[in-house]
Amino acid sequence: MTEAQADTFTEARSAGNQSAGAGDCLLLVDDNPTNLQVLYQTLDRRGNKLLIAKNGELALSIARKANPALILLDIMMPGIDGYEVCRQLKEDPETSNIAIIFLSALDDTSDKVRGLDMGAVDYISKPFHPEEVIARVDNHLKIRRLERNLSRRNKELKAANDRMKGDLEAAAKVQRALLPTDPPRAGNSVFAWESRSCDELGGDSLNLFNIDDRYVGMYVLDVCGHGVPAALLAFTVTHTLSSDRSLLVEEEEADGERRIISPAVVAARLNGMFQMDSRSLLYFTFLYGVLDTHTWQFRFISAGIPGPLIVHRDGMTEVHDIPAVPIGLLEDSDYQDTILDLKPGDRLYMHSDGIMEERNADREEFGRDRIRKLLSSSRNISLDTTLNLLLGEVETWHGSESLSDDATIAAIEVRD
């Protein structure tokens, strides 16, 4: 093949192969027409598109237009040598992913290392052995296809992840919308609450609400588990308690009076409605109480969750843990009400177990005693500030704002 023939052949193959069928595009670069002919005949009819360049300048021009999958690149060429072609291609983001195999009669290890350091993927020594050329080209084309497939899959996964993240964020907004926005009406008494999830969606929930003009309902629930299944159950239970007033209040047929349903009966009804599924194995712990704002009597059940903690005006604390089976765990669970008499100045706290079970780097739990001491020492600061201080201490104890479990707490300070 003469130099003139090589020029004509290069243009013809460049134009013809860009409109060819499926297959990878290869660029063969050598200043020796005989070498180009050998390479072309070796790789022809293997389903790939072949482009040819006889010097570095033409190689750069074709590579930038055609963006081939692989370039077999001679090192020793007049003008721009193979090293410079490789450097320019690797510095250009549009061509940096092209695989380059160097071709050279140079057999010095330092020359090979230099080429590989510049970004080449392989090295073929002259004179060529057709079987070696085919094997190395096929191997690197296979790697390129795997990389492309991996890149495509990564993009698909990222798109799916972005969609899922958007769905989770939307679900988290719906879940947060179920949290109380305004405190109940109970004279001058003060309410506060905080709920922080360890994931996008939490398995904890709470509510403080007026059942009627006299009674205030308060609950904290904690679904066993995390993520979407736990969040769905927490959402469903919260929605049920918010929308189905017959769970909390019973109309008397005789005189039309309303009767507040006791926490023990509410727990039993929920236990019947939300029995654990054999596939999901989800159940929830539940602390529910009814506060009489005329007598400041607090009637409650505590089903598998820490009981109420009271801090008196003088800083003394009481913990009322009343063991009972979590909701949904057993069909015939029995629940009994417990009654507490609150006094003006008392603070009553209800929290999920994620707060006291949070561990530090030494795997030591935060514990109920630390909660008691902190709430007692914070007796003279506002209720909101106290809750934020407590959760801040728990995060510091854990060593990160990302807790290992959901943390939920609600509180009331009784005032005349």
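**Aromatic pairs**

I began with Tyr-219 and Phe-286, and I found both of them buried, where buried means under 20% relative accessible area, exposed over 50%, and partly exposed in between (1.4 Å probe, protein chains only). Before going on I noted that this is a predicted model, in which local features need pLDDT of at least 70, side-chain atom pairs count only at pLDDT 80 or more, and totals for chains, interfaces and linings use all residues. I also noted that residues are numbered from 1 along each chain as its sequence is written, and that side-chain values use heavy atoms, with hydrogens and water left out.

How many aromatic pairs are there? I count eight aromatic pairs, taking rings of Phe, Tyr and Trp (its six-membered ring) as paired if their centres lie within 6.5 Å, with planes under 30 degrees apart called stacked, over 60 edge-to-face and the rest tilted. Tyr-219 and Phe-286 make a tilted pair, at 5.8 Å centre to centre and 45° between the planes. Since Tyr-219 belongs to strand 8 (residues 215-223) and Phe-286 to strand 11 (residues 284-292), the pair ties together parts that are 67 residues apart in sequence. For such elements I rely on DSSP runs numbered from the N terminus: helices (H or I) of at least four residues and strands (E) of at least two.

I then turned to Phe-366 and Trp-397, whose ring centres are 5.8 Å apart with planes at 80°, so this pair is edge-to-face. Phe-366 sits in the loop between helix 9 (353-356) and helix 10 (367-377) while Trp-397 sits in helix 11 (residues 383-398), so the pair ties together parts 31 residues apart in sequence. Phe-366 and Trp-397 are buried. Ring pairs also link Phe-209, Tyr-219, Phe-274, Phe-284, Phe-286 and Tyr-288 into a cluster.

**Helix 11**

Which residues of helix 11 are buried? They are Leu-383, Thr-386, Leu-387, Leu-390, Leu-391, Val-394, Glu-395 and Trp-397. An α-helix has 3.6 residues a turn, so residues three or four places apart point the same way. The buried residues of helix 11 pack against strand 6, strand 16 (347-351), helix 9, helix 10 and strand 17 (407-413), contact meaning heavy atoms within 4.5 Å.

I looked at Glu-395 separately, because its relative accessible area is 16% and it therefore counts as buried. Leaving out neighbours within four places in sequence, I find Glu-395 in contact with Arg-196, Ser-400, Glu-401 and Leu-403. Just after helix 11, Gly-399 takes a positive phi of about 90°.

I located Ser-195 in strand 6 (residues 190-196), where it is partly exposed at a relative accessible area of 25%. Beyond its neighbours within four places in sequence, Ser-195 contacts Leu-179, Asp-204, Leu-206, Ala-407 and Thr-408. The side chains of Ser-195 and Thr-408 make a polar contact at 3.0 Å, that is, a pair of N or O atoms within 3.5 Å of which, within protein, one must be able to donate a hydrogen and the other to accept it, residues adjacent in sequence counting only if both atoms are side-chain atoms.

In helix 9 I looked up Met-356, which is buried with a relative accessible area of 18%. Among the residues Met-356 touches, not counting those up to four places away in sequence, are Pro-306, His-351, Phe-366 and Ile-371.

**Backbone angles**

Most residues other than glycine have a negative phi, and most peptide bonds are trans. Against that background I marked the peptide bond from Lys-126 to Pro-127, which is cis with omega near -5°; Pro-127 is in the loop between strand 5 (122-125) and helix 6 (130-177). Asn-67 has a positive phi of about 45° although it is not a glycine, and I place Asn-67 in the loop between helix 3 (56-66) and strand 3 (70-74). Trp-296 also has a positive phi, near 55°; Trp-296 lies in the loop between strand 11 and strand 12 (297-303) and is buried at 12% relative accessible area.
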